[in-house]
Amino acid sequence: MKYYTDGEAETLLCGKKYAENLKAGDVVLLYGEMGAGKTAFTKGIAEGLGVTANVTSPTYAYMNDYDGKLYHYDCYRLSSGEDAEALGLTDYFYGNGVCVIEWPMNIEGVLPEACKKVYIEKTGLTTRTITTEEE
């Protein structure tokens with residue numbers, strides 16, 4: 001599916017609607033350049049899953065846990081799947097929450113086989129094209 005958004009609020013709303021089809025144990029891989037809107041999309045997913053906490057990028061923590069409903073990863077600073085394993089990040093892939101992973105290409109070797117993929121492309125200053133697919 002393809003979606004077109006203009007502004008952070010629309011990207012967030014797109015993430016919220018996307019969350020309607022997620023279930024515990026799903027792993028969502030987010031692809032997009034820096035500033036594309038991956039965290040905004042994740043905020044929408046969080047809202048759609050009923051998370052009430054303020055969702056922030058886990059850049060320095062690697063992963064934020066939102067009440068076991070959502071595990072939000074930022075793997076930008078990881079160089080391999082082994083790094084993710086050493087930090088215990090892979091332990092959450094088969095849990096009861098939804099895992100949303102920014103920069104998943106950095107840990108490709110340890111990702112589960114069946115993942116949902118979301119591509120966020122900057123098409124203008126505030127506009128985005130969001131493409132979703134499932135394996």
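**Close-up views of a predicted model**

The structure holds zero disulfides, a disulfide being a pair of cysteine sulfur atoms within 2.5 Å. This is a predicted model, in which local features need pLDDT of at least 70, side-chain atom pairs count only at pLDDT 80 or more, and totals for chains, interfaces and linings use all residues. Residues are numbered from 1 along each chain as its sequence is written, and side-chain values use heavy atoms, with hydrogens and water left out.

View 1. Cys 14 is buried at 11% relative accessibility. Cys 75 is buried too, with a relative accessible area of 0%. (Buried means under 20% relative accessible area, exposed over 50%, partly exposed in between, with a 1.4 Å probe and protein chains only.)

View 2. Six aromatic pairs occur in the structure. Rings of Phe, Tyr and Trp (its six-membered ring) pair if their centres lie within 6.5 Å; planes under 30 degrees apart count as stacked, over 60 as edge-to-face and the rest as tilted. The ring centres of Tyr 31 and Tyr 119 are 5.0 Å apart and the planes meet at 15°, so this pair is stacked. Tyr 31 sits in strand β2 (residues 27-31) and Tyr 119 in strand β6 (residues 116-122), so the pair links distant parts of the chain, 88 residues apart. Helices (H or I, at least four residues) and strands (E, at least two) are DSSP runs, numbered from the N terminus. Tyr 31 is buried, with a relative accessible area of 14%. Tyr 119 is partly exposed at 29%.

View 3. With ring centres 6.5 Å apart and planes at 75°, Phe 93 and Tyr 94 form an edge-to-face pair. Phe 93 is buried at 2% relative accessibility. Tyr 94 is exposed at 63%.

**View 4. Surroundings of Thr 5.** Thr 5 belongs to strand β1 (residues 2-6). The residue is buried, with a relative accessible area of 7%. Its side chain makes a polar contact of 3.0 Å with that of Thr 11. (A polar contact is a pair of N or O atoms within 3.5 Å; within protein, one must be able to donate a hydrogen and the other to accept it, and residues adjacent in sequence count only if both atoms are side-chain atoms.) Not counting residues up to four places away in sequence, Thr 5 touches several residues, including Glu 10, Cys 14, Arg 128 and Ile 130. Contact here means heavy atoms within 4.5 Å.

View 5. Tyr 66 stands opposite Leu 70 in β4. Three residues lie between the strands, and Asp 67 takes a positive phi near 55°. Asp 67 is exposed, with a relative accessible area of 63%.

**View 6. A positive phi at Trp 103.** Most residues other than glycine have a negative phi. Trp 103 has a positive phi of about 60° although it is not a glycine. Trp 103 lies in the loop between β5 (98-102) and β6. The residue is buried, with a relative accessible area of 14%.

Conventions. Two strands pair if DSSP finds at least two bridges between them.
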